[in-house]
Amino acid sequence: MTIGNESFVICQRNPVDHRANESIANARLIAAAPDLFEAALALELAELANANCDECDGEGVPELCGRCCPLFDDARVKRRLAIDKAHGRAPVHTTGGTP
């Protein structure tokens, strides 16, 4: 826009291609989908085991139960790894061992 002898920029196109960023984010989420599903299943199994636990009877904090705590810990670790993978903070492929 020009007013008198001065020019002003009202709108400038962002040189970043947002579609490319969105495609990368979608690819990461798709790559992490099996891990996200596995984490959800681990939590479901932990909750089911907690509800039927002989040690704590599914009452109180499951993390205080010797039988339930490892199951919830496993689900929590899987969840964190899957979220990191979806954010691109974890490698898509591991070469063995515990990540």
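**Figure 1. A nonpolar patch on the surface of the predicted model.** A patch of this kind is made of residues with over 30% relative accessible area and no salt bridge, and nonpolar side chains are joined within 5 Å. The model shown here and in the other views is predicted. Leu 29, Leu 36 and Ile 83 form such a nonpolar patch on the surface. Together these three residues have about 220 Å² of accessible area. Ile 83 belongs to helix H2, which covers residues 68-86. Its relative accessibility is 35%, so Ile 83 counts as partly exposed.

**Figure 2. The whole chain, for orientation.** Two helices and two strands are found in the chain. Along the sequence they follow the pattern β-β-α-α. The chain has 99 residues, of which 15% count as buried. Its accessible surface comes to about 7900 Å², and 57% of this belongs to carbon and sulfur atoms. Among contacts between residues at least 6 apart in sequence, 44% join residues at least 24 apart.

**Figure 3. Helix H2 and its end.** At 1.5 Å a residue, the 19 residues of H2 should span 27 Å. Which residues of H2 are buried? They are Cys 68, Cys 69, Phe 72, Ala 75, Ala 82 and Lys 85. Just after the helix, Gly 88 takes a positive phi of about 80°.

**Figure 4. Ala 86 and its contacts.** Ala 86 lies in helix H2. Not counting residues up to four places away in sequence, Ala 86 touches Arg 28, Leu 29 and Ala 32. Leu 29 is also one of the residues of the surface patch. The C-alpha atoms of Ala 86 and Ala 32 are separated by 5.3 Å, although the two residues are 54 residues apart along the chain.

Figure 5. Side chains of opposite charge can pair when their charged atoms come close. By the distance rule used here, the count comes to eight salt bridges. In one of them the side chains of Asp 35 and Lys 85 meet, at 2.6 Å from N to O. This pair links distant parts of the chain, with Asp 35 in helix H1 and Lys 85 in helix H2, 50 residues apart. Are the two partners buried or partly exposed? Asp 35 has 25% relative accessibility and so counts as partly exposed. Lys 85, at 13%, counts as buried.

Figure 6. The side chain of Arg 67 meets that of Asp 54 in a salt bridge of 3.8 Å, N to O. Both residues lie in the loop between H1 and H2, so the pair ties together parts that are 13 residues apart in sequence. Asp 54 has 64% relative accessibility and therefore counts as exposed. The side chain of Arg 67 also meets that of Glu 55 in a salt bridge, at 3.9 Å from N to O. Here the linked residues, again in the loop between H1 and H2, are 12 residues apart. Glu 55 is partly exposed, with a relative accessible area of 47%. A further group of charged residues can be shown beside this view: Glu 38, Asp 74 and Lys 78 are joined into one network by salt bridges that share partners.

**Figure 7. Asn 50 in helix H1.** Helix H1 covers residues 18-51, and Asn 50 has its place there. Asn 50 has 11% relative accessibility and so counts as buried. Leaving aside neighbours within four places in sequence, Asn 50 is in contact with Cys 56, Asp 57, Gly 58, Pro 62, Cys 68 and Phe 72. Of these, Cys 68 and Phe 72 are among the buried residues of H2.

**Figure 8. Cysteines without disulfides.** How many disulfides does the model have? The count comes to zero. Cys 65 is in no disulfide: the nearest cysteine sulfur, that of Cys 53, is 3.7 Å away, whereas a disulfide needs the sulfur atoms within 2.5 Å. At 4% relative accessibility, Cys 65 counts as buried. Cys 69 is in no disulfide either, and the nearest cysteine sulfur to it, that of Cys 65, is 8.3 Å away. Cys 69 is one of the buried residues of H2.

Note on methods:
Residues numbered from 1 in each chain as written. Predicted model: local features only at pLDDT ≥ 70, side-chain atom pairs only at ≥ 80, totals over all residues. Heavy atoms only, no water. Patch = residues over 30% accessible without salt bridge, like charges linked within 9 Å, V, L, I, M, F, W, Y side chains within 5 Å. Areas by Shrake-Rupley, 256 points an atom, 1.4 Å probe, with all protein chains shown as cover. Salt bridge = Lys/Arg side-chain N within 4 Å of Asp/Glu carboxyl O. Helix = DSSP H or I, 4+ residues; strand = E, 2+ residues; numbered from the N terminus. Buried < 20%, exposed > 50% of the residue type's maximum accessible area, 1.4 Å probe, protein only. Contact = heavy atoms within 4.5 Å. Expected span 1.5 Å × (residues − 1).
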